[in-house]
Amino acid sequence: MRGVVTATSRGGNDRHEMQALKTVFTFLAALLASQSLAWAQVDPGPGVPPGMASRLAAERMSTVQPGRYSAGENGVFTLEPYETTKYLLRFVGHAENFVLTVERASLGAKLLKYDTGTTALRVSVWGGLTLYTQDAPQGVPATYQDAAPPSQALTVSSGELQTAINDEANHLAYVQNIALKFSADPAVLAADPETRGRAFDALTNAALGIERFLAATPGARQVLAKRVNSVKVAEGGKPTIALVGQSLLVSFVPGEGYEGHASSLAIQQELAKLLALTPRDIAIK
């Protein structure tokens with residue numbers, strides 16, 4: 001009969017409508033999912049596996065902006081790229097340039113470390129910096145201020161290097177009451193101005209490292225005075241210090257730039273090993 005819909009025909013139509021709706025929803029869900037993936041992933045570029053895209057994006061986001069930073073009461077410092085994967089850190093008011101190496105950390109962050117292995121800076125995945133110091137081992141945020149000029153290698157005359165040698169000896173005698181004779185190998189004094197500049201850096205780092213050692217280690221003054229009477233700077237196969245008799249030999253490698261001499265922190269660390277203090281040494285401080 002026309003106009004009459006039976007129960008059987010109605011059920012069949014309902015099933016067809018539900019199936020059509022299900023197909024439409026499945027298509028829309030697939031379309032939205034593909035769009036979300038397209039938005040979330042970074043185009044890796046030609047020749048780069050798709051799985052590397054997120055890692056490359058994290059690398060770009062955690063790149064450090066070179067320049068001048070302020071860490072409040074913990075000082076002002078400059079940061080600049082060095083070679084291909086390292087950075088130079090210098091605190092304003094101080095001459096030392098620290099070479100920092102980069103290590104990966106959790107959550108896409110990076111750690112910039114001194115040559116001692118101690119963390120100097122943490123760079124978040126978004127580029128924020130946290131500075132770690134002896135006074136703030138928990139870390140303090142550092143704020144970008146402005147651009148800073150790049151570091152320039154020192155060129156030093158023979159007379160200037162000799163003056164620096166005398167100044168370091170006089171400074172330790174006056175401030176620390178430690179009598180140490182400083183000297184440079186004759187070949188260094190006769191070298192080119194840039195090599196003498198690297199020797200100057202090695203010399204001042206050694207003197208500062210000695211002061212750090214004296215300040216941080218109970219009983220260090222007596223042991224140092226007893227076992228070391230001179231400090232000599234010379235070219236060597238690697239940047240290090242060694243105790244030869246009662247002379248502290250500070251070696252540097254001119255051709256390796258800022259990495260060619262140990263930092264003052266590394267000097268302090270090595271002195272603690274070379275002059276290992278016994279309980280008796282500490283008792284007589």
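## Backbone, pocket and helices

E83 sits in the loop that links β2 (76–82) to β3. Helices (H or I, at least four residues) and strands (E, at least two) are DSSP runs, numbered from the N terminus. The model is predicted: local features need pLDDT of at least 70, side-chain atom pairs count only at pLDDT 80 or more, and totals for chains, interfaces and linings use all residues. Residues are numbered from 1 along each chain as its sequence is written, and side-chain values use heavy atoms, with hydrogens and water left out.

**Positive phi.** Most residues other than glycine have a negative phi. E83 is not a glycine, yet its phi is positive, about 55 degrees. L107 is also a residue other than glycine with a positive phi, near 60 degrees. L107 belongs to the loop between β4 (98–104) and β5 (110–113). Buried means under 20% relative accessible area, exposed over 50%, and partly exposed in between (1.4 Å probe, protein chains only).

| Residue | Relative accessible area | Class |
|---|---|---|
| E83 | 54% | exposed |
| L107 | 76% | exposed |
| Q269 | 33% | partly exposed |
| I267 | 2% | buried |

**Whole chain.** The protein chain has eight helices and twelve strands. Of its 285 residues, 36% count as buried. Contact means heavy atoms within 4.5 Å. Among contacts between residues at least 6 apart in sequence, 53% join residues at least 24 apart. The chain exposes about 16600 Å², and carbon and sulfur atoms supply 58% of that area. Accessible areas come from the Shrake-Rupley method with a 1.4 Å probe; for residues, only the protein chains shown count as cover.

**The largest pocket.** A pocket is an open set of points on a 1 Å grid over the protein atoms alone, where a 1.4 Å probe fits, with protein on both sides within 12 Å along at least five of seven lines; lining residues have an atom within 4 Å of a point. The largest pocket holds about 1100 Å³ of space. Its lining has 39 residues, and F91, E96, F98, L208 and R212 are the closest to its centre. The elements that give two or more residues to this lining are β3 (86–91), α3 (158–176), α5 (193–216) and α7. Of these, α5 gives the most, with eight residues. By type, the lining divides into 14 nonpolar, 17 polar and eight charged residues.

**Helix α7.** Its buried residues are S264, L265, A266, I267, Q268 and L271. Their cover includes β4, α5, β11 (240–244) and β12 (247–252). I267 lies in this helix. Leaving aside neighbours within four places in sequence, I267 is in contact with N205, A206, G209, I210, I241 and A262. I267 and T116 are 151 residues apart along the chain, but their C-alpha atoms are separated by 9.3 Å. Q269 is in α7 too (residues 264–274). Q269 and I210 are 59 residues apart in sequence and 9.7 Å apart in space, C-alpha to C-alpha.

**Helix α6.** Which residues of α6 (residues 220–227) are buried? They are A220, V223 and L224. Seen down the axis of α6, its buried residues fall within an arc of 100 degrees, so they line one face of the helix. The arc is that of the directions from the helix axis to the C-beta atoms. On the other side of α6, A225 and K226 are exposed.

Technical notes: Points joined across faces, edges and corners; volume = space filled by probe spheres on them. Nonpolar A, V, L, I, M, F, W, Y, C, P; charged D, E, K, R; others polar.
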